[in-house]
Amino acid sequence: MSLTVSPELLAQAEAGEVAEADFVATVRESLPYAYGMVEQLSIELAAGGVAFADNQVEPPSDAERGQLLRAMASDSIRGSLERHFGVRLAFMNCHRVAVFPVGAEQGAEYRAFVSMRAQLLNQTPELRSC
């Protein structure tokens, strides 16, 4: 299960549309490592001087790695984080999350980060289990 959903939020979903702020709060509470990483990288990007901010440190445990995988693999979770923080996310391997400015998809830095070449160059024996 990706998220721990409160009975109130589940009732809201059963009744119709869900408020994005409530969904993001559930993501923050359910996936604190993933949420915190995107938040920190967004702060680094907003500080300026870089085309993107990314994490290159492996998660401390499989639990945190699982949080990142769940957050990045879910279109709704990933999209809500992008809208909440005003960034474009990119993901490589089991830990390398990057935040780019919205609209960066057309830029050279984004295209290089998400390229097949970058994926191959980012492989290490230590990351084969992810």
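1. Which residue lies over the face of Tyr-35, and at what distance from the ring centre? It's Arg-28, 5.7 Å from the centre of that ring. (The rule for a charge over a ring: NZ of Lys or CZ of Arg within 6 Å of the ring centre and within 35 degrees of the ring normal.)

2. Some housekeeping. This is a predicted model, so local features need pLDDT of at least 70 and side-chain atom pairs count only at pLDDT 80 or more, while totals for chains, interfaces and linings use all residues. Residues are numbered from 1 along each chain as its sequence is written, and side-chain values use heavy atoms, with hydrogens and water left out.

3. On to the rings. Rings of Phe, Tyr and Trp (its six-membered ring) pair if their centres lie within 6.5 Å, with planes under 30 degrees apart called stacked, over 60 edge-to-face and the rest tilted. That gives 5 aromatic pairs here. In one of them, Tyr-35 and Phe-85 have ring centres 5.2 Å apart and planes at 55°, so this pair is tilted. Tyr-35 sits in helix H3 (residues 32-46) and Phe-85 in helix H5 (residues 75-85), so the pair ties together parts 50 residues apart in sequence. (Helices, H or I with at least four residues, and strands, E with at least two, are DSSP runs numbered from the N terminus.) Both Tyr-35 and Phe-85 are buried, meaning under 20% relative accessible area with a 1.4 Å probe, protein chains only; exposed is over 50%, and partly exposed is in between.

4. Then look at Phe-100 and Phe-113: ring centres 5.8 Å apart and planes at 70°, so the pair is edge-to-face. Phe-100 belongs to strand E3 (residues 96-101) and Phe-113 to helix H6 (residues 108-113), so parts 13 residues apart in sequence are tied together. Phe-100 counts as buried at 1% relative accessibility, as does Phe-113 at 6%.

5. Leaving aside neighbours within four places in sequence, Phe-85 is in contact (heavy atoms within 4.5 Å) with Tyr-35, Val-38, Glu-39 and Ser-42.

6. Now the cores. A nonpolar core is a set of buried Ala, Val, Leu, Ile, Met, Phe, Trp, Tyr and Cys residues joined through side-chain atoms within 4.5 Å. The largest has 22 residues, of which Val-38, Ile-77, Leu-81, Leu-89, Val-97 and Val-99 touch the most other members. Helix H2 (20-30), H3, helix H4 (62-73), H5, strand E2 (87-92) and E3 each supply at least two residues of this core, and the largest share, 6 residues, comes from H3. Apart from this core lies another of 8 residues, among them Met-92, Ala-98, Phe-100 and Tyr-110.
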